[in-house]
Amino acid sequence: MSNMVREILAFILTTSGWILVSSTLPTDYWKVSSIDGTVITTATFWSNLWKTCVTDSTGVSNCKDFPSMLALDGYIQVCRGLMISSVCLGFFGSIFALIGMKCTKIGGLDETKARVVCFAGLNFICTGLCSLAACSLYAHRITSEFFDPMFVAQKYELGAALFIGWAGSVLCILGGLIFCLSLSDGLDQSSSPHHSDRRAFINSGVSGISSRVVSQRQTSHNRRPDYSNTSQHFDKNVYV
């Protein structure tokens, strides 16, 4: 699988996960409970991060927003902060991914684009972790109250929004990991031309030096003086 195809797959995964995570924030059914009659369900209680509602058997819903943020339970405030952070991180991660992907014409060199894509992957991993922590904390509170025999108030069960949030978190984490793995491929591809040019330059230099040495040796061999006829130039008194 090429690096470009891998980045496109990661972008599809992360974008789908971010959309799922964003859709859980206004979703109604974070926790749900019902009161069953002999034939039909008489009332359905459900709640999310912003309000709590009840729906009767005729389909009429009565909702009540949480009156004060400071008067809320601590786990709801933490879940709100984590989900909003998750949505913001996913938004910036998608922008960085579009800039750094190889199929786009912006972002500069391949090495720079690889680093931008890796940063986008880290953003999406943080997006998935924030959403996963928020959904898990909310689900832990529901299950602890449901199985507590001393808890006498209305008991709730896990709503559909929690499962959507978990699925989106997994997609964001998987796509972010794929984006981070593309960093090494991008750096290798960007550095390979430099290494090949350097090797070609070194090889050309070595070949040039060797050719010079051979030519100098041949020149010195051709210029070697001939002492075979030197005796003809000496006269008879040369040894006196």
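Accessible areas were computed by the Shrake-Rupley method with a 1.4 Å probe, and for residues only the protein chains shown count as cover. On this basis the accessible surface of the protein comes to about 15000 Å², of which 64% belongs to carbon and sulfur atoms. The model is a predicted one, in which local features need pLDDT of at least 70 and side-chain atom pairs count only at pLDDT 80 or more, whereas totals for chains, interfaces and linings use all residues. Residues are numbered from 1 along each chain as its sequence is written, and side-chain values use heavy atoms, with hydrogens and water left out.

The protein has four helices and five strands, both taken as DSSP runs numbered from the N terminus (helices: H or I, at least four residues; strands: E, at least two). Along the sequence these elements follow the pattern α-β-β-β-β-α-α-β-α. Of the 240 residues in the protein, 29% are buried; buried means under 20% relative accessible area, exposed over 50%, and partly exposed in between (1.4 Å probe, protein chains only). Contact is defined as heavy atoms within 4.5 Å. Among contacts between residues at least 6 apart in sequence, 63% join residues at least 24 apart.

Nonpolar cores were defined as sets of buried Ala, Val, Leu, Ile, Met, Phe, Trp, Tyr and Cys residues joined through side-chain atoms within 4.5 Å. The largest nonpolar core has 17 residues, of which Trp30, Leu49, Met83, Tyr138 and Leu162 touch the most other members. Helices α2 (74–100), α3 (110–146) and α4 each supply at least two residues of this core. The largest share, five residues, comes from α3. Leucine 162 touches Trp30, Cys135, Tyr138, Ala139 and Ile142, leaving aside residues up to four places away in sequence.

A second, separate core of 10 residues includes Ala10, Trp18, Val117 and Ile178. Alanine 10 lies in helix α1 (residues 3–24) and counts as buried because its relative accessibility is 0%. Not counting residues up to four places away in sequence, alanine 10 touches Gly175, Ile178 and Phe179. The C-alpha atoms of alanine 10 and phenylalanine 179 are separated by 6.3 Å, although these residues are 169 apart along the chain.

Glycine 159 is found in the loop between β5 (157–158) and α4 (160–222). With a relative accessible area of 3%, glycine 159 is buried. Apart from residues up to four places away in sequence, glycine 159 touches Tyr29, Trp30, Lys31 and Val32. Its C-alpha atom is separated by 9.0 Å from that of asparagine 48, 111 residues apart along the chain.

Pockets were identified on a 1 Å grid over the protein atoms alone: a pocket is an open set of points where a 1.4 Å probe fits, with protein on both sides within 12 Å along at least five of seven lines, and its lining residues have an atom within 4 Å of a point. Grid points are joined across faces, edges and corners, and a volume is the space filled by probe spheres set on the points. The largest pocket has a volume of about 190 Å³. Its lining consists of Lys31, Ser47, Thr52, Phe66, Leu72, Asp73, Tyr75, Ile76, Glu145, Phe151, Gln154 and Tyr156. By class, six lining residues are nonpolar, three polar and three charged, where Ala, Val, Leu, Ile, Met, Phe, Trp, Tyr, Cys and Pro count as nonpolar, Asp, Glu, Lys and Arg as charged, and the others, Gly among them, as polar. Glutamate 145 lies in helix α3 and, at 16% relative accessibility, counts as buried. Glutamate 145 touches Phe151 and Lys155, not counting residues up to four places away in sequence.

Threonine 42 is placed in strand β2 (residues 41–47) and counts as partly exposed, at 36% relative accessibility. The C-alpha atoms of threonine 42 and serine 57, 15 residues apart along the chain, are separated by 4.9 Å.
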